[in-house]
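Work through the exercises below with the structure open beside you. Try each task before you read its solution.

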Amino acid sequence: MWCFGEKKSAAQKRYLRRGLGVLVSYILLLCSATIIVQRVHPQGVLLYCVAFLPLLPMLSFLVVAGRYLREERDEYQRDLVIRCMLWGIAAMLSVELFDGFLHSFGWQGALPPFVGFYAFCLSMLVAKFTYKFRDRVAADAE
C-alpha cells in the first residue's frame, strides 16, 4: 500500500497493474449484470448466476493480493498490506455480523447495499494512513 511519490518495487507495479485489470473487469461485469437484470428479469438459478458475475473479479483480487504477497521481498511492505487487510476484514465482518444480529432479533429493515465493502475500504485506508504516519522516518534520522 503506497502513497504517491514513493518509488515502487517491481512487485508493487505488477500488483497495481493486475489490480487495475481486476477493477476494470469488475466494472464491466457489474454493468453487464445490471443490464441483464433490468432487461431480462432473471429468476431462480439464472438470477444466482447473474449475481455471481460481479463477484468473480472480487475473488480474483484475492489471487492478485496473494501473488503480490508472495512476490514482494520488502518485509515492511508485506506486513503493512497484511495489517491493513486485516483491519478491513475486521470492519467488514463487524458490519455484517451487526446486520445479522439485527435480523435475528427481528429487525425488518436493511442496511444500504455493500455497506460491508465500504467499511472494508474505509478501514483499510484509515489503517494505511495511520501506519504510514506512525512509522514515518524523521528527516534528520535518514
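**Exercise 1. Which residues are linked with Arg-14 in a network of salt bridges?**

Solution. 
- Step 1. Side chains of opposite charge can pair when their charged atoms come close.
- Step 2. Name the network: Arg-14, Arg-18 and Glu-71 are linked by salt bridges.
- Step 3. Check the pair Arg-14 and Glu-71: N and O are 3.1 Å apart. Arg-14 is in helix α1 and Glu-71 is in helix α3, so this pair ties together parts 57 residues apart in sequence.
- Step 4. Check the pair Glu-71 and Arg-18: their closest N and O atoms are 3.3 Å apart. Arg-18 is in helix α1 and Glu-71 in helix α3, so parts 53 residues apart in sequence are tied together.
- Step 5. Buried means under 20% relative accessible area, exposed over 50%, and partly exposed in between, with a 1.4 Å probe and protein chains only. Glu-71 counts as buried because its relative accessibility is 18%. Arg-14, at 27%, counts as partly exposed.

Before you go on, note the ground rules. This is a predicted model, where local features need pLDDT of at least 70 and side-chain atom pairs count only at pLDDT 80 or more, while totals for chains, interfaces and linings use all residues. Residues are numbered from 1 along each chain as its sequence is written, and side-chain values use heavy atoms, leaving out hydrogens and water.

**Exercise 2. Is Arg-78 buried or exposed? Which residues is Arg-78 in contact with, leaving aside neighbours within four places in sequence?**

Solution. 
- Step 1. Locate Arg-78: helix α4. Helices are DSSP runs (H or I, at least four residues), numbered from the N terminus.
- Step 2. Read the accessibility. At 18%, Arg-78 counts as buried.
- Step 3. List the contacts (heavy atoms within 4.5 Å). With neighbours within four places set aside, Arg-78 touches Leu-69, Glu-72 and Arg-73.
- Step 4. Find the salt-bridge partner. Glu-75 and Arg-78 meet at 2.4 Å, N to O. Both lie in α4, three residues apart, about one turn of the helix.
- Step 5. Compare the cover. Glu-75 counts as exposed, because its relative accessibility is 55%.
- Step 6. Look at Arg-73. This residue sits in the loop between α3 and α4. At 64% relative accessibility, Arg-73 counts as exposed.

**Exercise 3. Which helix do the buried residues of α5 pack against?**

Solution. 
- Step 1. Size up α5 (residues 115-134): 20 residues, reaching 28 Å from first C-alpha to last. That is close to the 28 Å expected at 1.5 Å a residue; the expected span is 1.5 Å times one less than the number of residues.
- Step 2. Pick out its buried residues, among them Ala-119, Phe-120, Met-124 and Tyr-131.
- Step 3. Find the partner: the buried residues of α5 pack against α4 (75-104).
- Step 4. Turn to the largest nonpolar core, which has 14 residues. Such a core is a set of buried Ala, Val, Leu, Ile, Met, Phe, Trp, Tyr and Cys residues joined through side-chain atoms within 4.5 Å. Met-124 and Tyr-131 are among those with the most contacts inside it. Helices α1, α3 (55-71), α4 and α5 each give two or more residues to this core.

Definitions and conventions: Salt bridge = Lys/Arg side-chain N within 4 Å of Asp/Glu carboxyl O.
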